[in-house]
Amino acid sequence: MSYGPRPWIQLHWDVRAALNFILGGTGGGFLLFAAFVPATPLSARAALLLGLALVAAGLTSVWMEIGRKLRAVHVFLNPFTSWMTRESFVAVLLFGSGLAAAWSASPQLAALTALVALGFVYCQGRILRASKGIPAWREPTVTWLIFWAAIAEGAGLYLIFSAALNAGVPPLAGGGVALAVVARGVAWATYRRRGDPSLIQQARAALEPTGRQLYQLGAVAPLALLLAGAAWTEVAAVTAPLAGLLALATGWRLKFVLVVRASFNQGFSLPRVPVRGR
């Protein structure tokens, strides 16, 4: 008979850490689609600043989780071993290029910002993968799940942002949105199929319904709405932001569940318990 604690949810990262992946990932993905925003100086600047604000909000959220706030500067000390450090360096580059692009309204700097944003969301995926004690996080494919989730969330926010500007969605941008939600669905299928054999049963129970929602509401429904808007332009003003909202909400739920609800550690058991006197 085995004795001892069974797996339990880690307590070091809570919803504040999840918000870094949620808001930061959405902001990074949105900066990739900011190039498709109607090219007026005001809207281009607004898109860049919105993406940067989301990234800043995510980093601020995880900073609020630190016990001693001034120790946050230590995150810059381990670039060769820590993906958190690399994320921080990339974030500095992201804010530098993004603010310069917003100030100058330069398409070249906006394109550079989009490339740096891709690096930022990739670092976020590697942060989870580096947490070897959590079976739901250490699976290598989690990197691309987080990466494509961020791109799909940014695509969803782009659809909502465009609707707020009363601007249509260009065919190239619509194709990018469709590709993003499909790629996220494929990334989830790969993660689920190749998941760690030691993945805790409670973690599977938390992730399975979220994965079904990701397929049905986060991929199939947005694609159907985008096709409906392309076929009947009269309804595109409604279907596009609704598709964006579904893509955004399902991605946020996935990250919340993965970071907070499915983060069971490995646990341990004691096949023999030492007894004094025997």
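## Exercises on a predicted model

The buried residues of helix α3 are W83, T85, E87, S88, V90, A91, L94, S97, G98, A101 and A102; buried means under 20% relative accessible area with a 1.4 Å probe, protein chains only, while exposed is over 50% and partly exposed lies in between. Helices here are DSSP runs of H or I with at least four residues, numbered from the N terminus. This is a predicted model, where local features need pLDDT of at least 70, side-chain atom pairs count only at pLDDT 80 or more, and totals for chains, interfaces and linings use all residues. Residues are numbered from 1 along each chain as its sequence is written, and side-chain values use heavy atoms, leaving out hydrogens and water.

**Exercise 1.** Check the span of α3 and look at both its ends.

*Step 1.* Helix α3 covers residues 83-104, which makes 22 residues.

*Step 2.* Just past α3 comes A105, with a positive phi of about 55°.

**Exercise 2.** Work out why α1 counts as largely enclosed.

*Step 1.* Helix α1 (residues 15-33) has 19 residues and should span 27 Å; its end C-alpha atoms are 27 Å apart, so the two agree.

*Step 2.* Now count: 15 of the 19 residues of α1 are buried, so the rest of the structure largely encloses this helix.

**Exercise 3.** Find the residues with the most partners in the largest nonpolar core.

*Step 1.* A nonpolar core is a set of buried Ala, Val, Leu, Ile, Met, Phe, Trp, Tyr and Cys residues joined through side-chain atoms within 4.5 Å.

*Step 2.* The largest one has 68 residues, and L94, L128, W137, Y158, Y191 and L258 touch the most other members. Helix α6 (residues 142-164) supplies the largest share of this core, 13 residues.

*Step 3.* Pick Y158 and skip its neighbours within four places in sequence: its contacts (heavy atoms within 4.5 Å) include F30, F33, F36 and V37.

**Exercise 4.** Decide whether T239 is buried or exposed, then list its contacts.

*Step 1.* T239 is found in helix α9. Its relative accessibility is 9%, so T239 counts as buried.

*Step 2.* Beyond its neighbours within four places in sequence, T239 is in contact with L225 and G229.

Conventions: Helix = DSSP H or I, 4+ residues; strand = E, 2+ residues; numbered from the N terminus. Expected span 1.5 Å × (residues − 1). Polar contact = N/O pair within 3.5 Å; in protein donor to acceptor, adjacent residues only side chain to side chain.
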